[in-house]
Amino acid sequence: MPELPEVEALRDFLADRLVGHEVVRVLPVAISVLKTYDPPVTALEGRQVTAVARYGKFLDLDAGGLHFVTHLARAGWLQWKDRLPDGAPRPGKGPLALRVALETGEGFDLTEAGTQKRLAVYVVGDPLQVPGIARLGPDPLADGFDEQRLAELLAGERRQIKGALRDQSLIAGIGNAYSDEILHAARMSPFKLASSLSPEDVHRLYDALRTTLTEAVERSRGLAAGRLKAEKKTGLRVHGRTGEPCPVCGDTIREVSFSDSSLQYCPTCQTGGKPLADRRLSRLLK
């Protein structure tokens, strides 16, 4: 799933290519992608893109006051085309969900792999009309997001820190991959209770959070949309690297599996050398 760094890079990429250009066609291929119907997506046609913004993991294309908002979900992606194919795309079993064409002949496709169709597109007058944006917590890279703010958000959170970091209504933009990376950098167990963090824990976590996300954004900045997935994967130190050596201490990276996801961690760096048991059996590790 694209997270804050990749979506921020997509925002930069699209701003360079869309702002000042006219949308001439919006062609939905998979109707399930459309989450709003009034105004219709065709209302964007003939409008000029004036800005591109990011809200957590949401992308917002402002076309003269009408907003095209998309969330790529787990298996969605944006593919830029220097020259779009001639003719309208045909609905079928392929990954193409929606196409946006500019007056230049350029444009982009929204695609989604797999059978779980969660890619979402909204056309609204105000981004806050999108329920997912309306409930977002603060952006962790915003100027006002300081260590005190993080401490306030986590105080009273009687759940594991891994889940707290992934909660979009608490902190916007962090998903499964970067929560693993942040906790590894902070040398903190993913099962540690958020409310149990000491001031020193919060300090380490805040530093790891800002550093991890900032470095990921900088690695992705300026890359073409098609290269962002590969860049994300190569930049990850523990997530998705079960069985590989930890780049810090050399211990073997372990995994805890859930029904629809998994987390990765280093026992030596994060849990005092103790492997985390299956979630149904494990007790919280400090």
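Helices (H or I, at least four residues) and strands (E, at least two) are DSSP runs, numbered from the N terminus. The structure is a predicted model, in which local features need pLDDT of at least 70 and side-chain atom pairs count only at pLDDT 80 or more, while totals for chains, interfaces and linings use all residues. Residues are numbered from 1 along each chain as its sequence is written, and side-chain values use heavy atoms, with hydrogens and water left out.

Salt bridges were examined, each defined as a side-chain nitrogen of Lys or Arg within 4 Å of a carboxyl oxygen of Asp or Glu. The structure holds 17 of them. One joins R149 to E152, with the closest N and O atoms 3.9 Å apart. Both residues belong to helix α3 (residues 147-154), where they are three residues apart, about one turn of the helix. Accessibility was classed as buried (under 20% relative accessible area), exposed (over 50%) or partly exposed (in between), with a 1.4 Å probe and protein chains only. R149 is partly exposed at 31%, and E152 is partly exposed at 44%. A salt bridge also links D201 and K192, at 4.0 Å from N to O. Here D201 counts as buried because its relative accessibility is 12%, and K192 is likewise buried at 12%. In the bridge between E218 and R221, the N to O distance is 3.2 Å. E218 is partly exposed at 48%, as is R221 at 40%. Through shared partners, salt bridges connect E8, R11, D12, R54, D139, E218 and R221 in one network.

The nonpolar interior was described in terms of cores, a core being a set of buried Ala, Val, Leu, Ile, Met, Phe, Trp, Tyr and Cys residues joined through side-chain atoms within 4.5 Å. In soluble globular proteins, nonpolar side chains tend to be buried together. The largest core has 35 residues, and L14, F68, L98, F108 and L110 have the most contacts inside it. At least two residues of this core come from each of α1 (4-18), β1, β3, β4 (66-71), β5 (76-81), β6 (96-102), β7 (107-112) and β8 (120-124). The most are given by α1, with six residues. A second, separate core of 28 residues includes L153, L165, V202 and A216. Leaving aside neighbours within four places in sequence, L98 is in contact (heavy atoms within 4.5 Å) with residues including V26, L34, F68, F108, L110 and V121.

One cavity of 30 Å³ or more was found in a search of the whole structure. A cavity is a set of points, on a 1 Å grid over the protein atoms alone, where a 1.4 Å probe fits but cannot get out; lining residues have an atom within 4 Å of a point. Volume is the space filled by probe spheres set on the points, which are joined across faces, edges and corners. The largest cavity holds about 50 Å³ of space, and its lining consists of V23, V26, L44, V49, L61, A63, F68 and V100. At least two lining residues come from each of β1 (23-28) and β3 (58-63).

Several backbone features lie in loops. D38 and P39 are joined by a cis peptide bond with omega of about 5 degrees, and P39 lies in the loop between β1 and β2 (51-55). A73, in the loop between β4 and β5, has a positive phi near 55 degrees and is buried at 6% relative accessible area. R187 also has a positive phi, of about 55 degrees, although it is not a glycine.

Terms used
1 Å grid on protein atoms, 1.4 Å probe; cavity = no way out; pocket = protein on both sides within 12 Å on 5 of 7 lines; lining within 4 Å.
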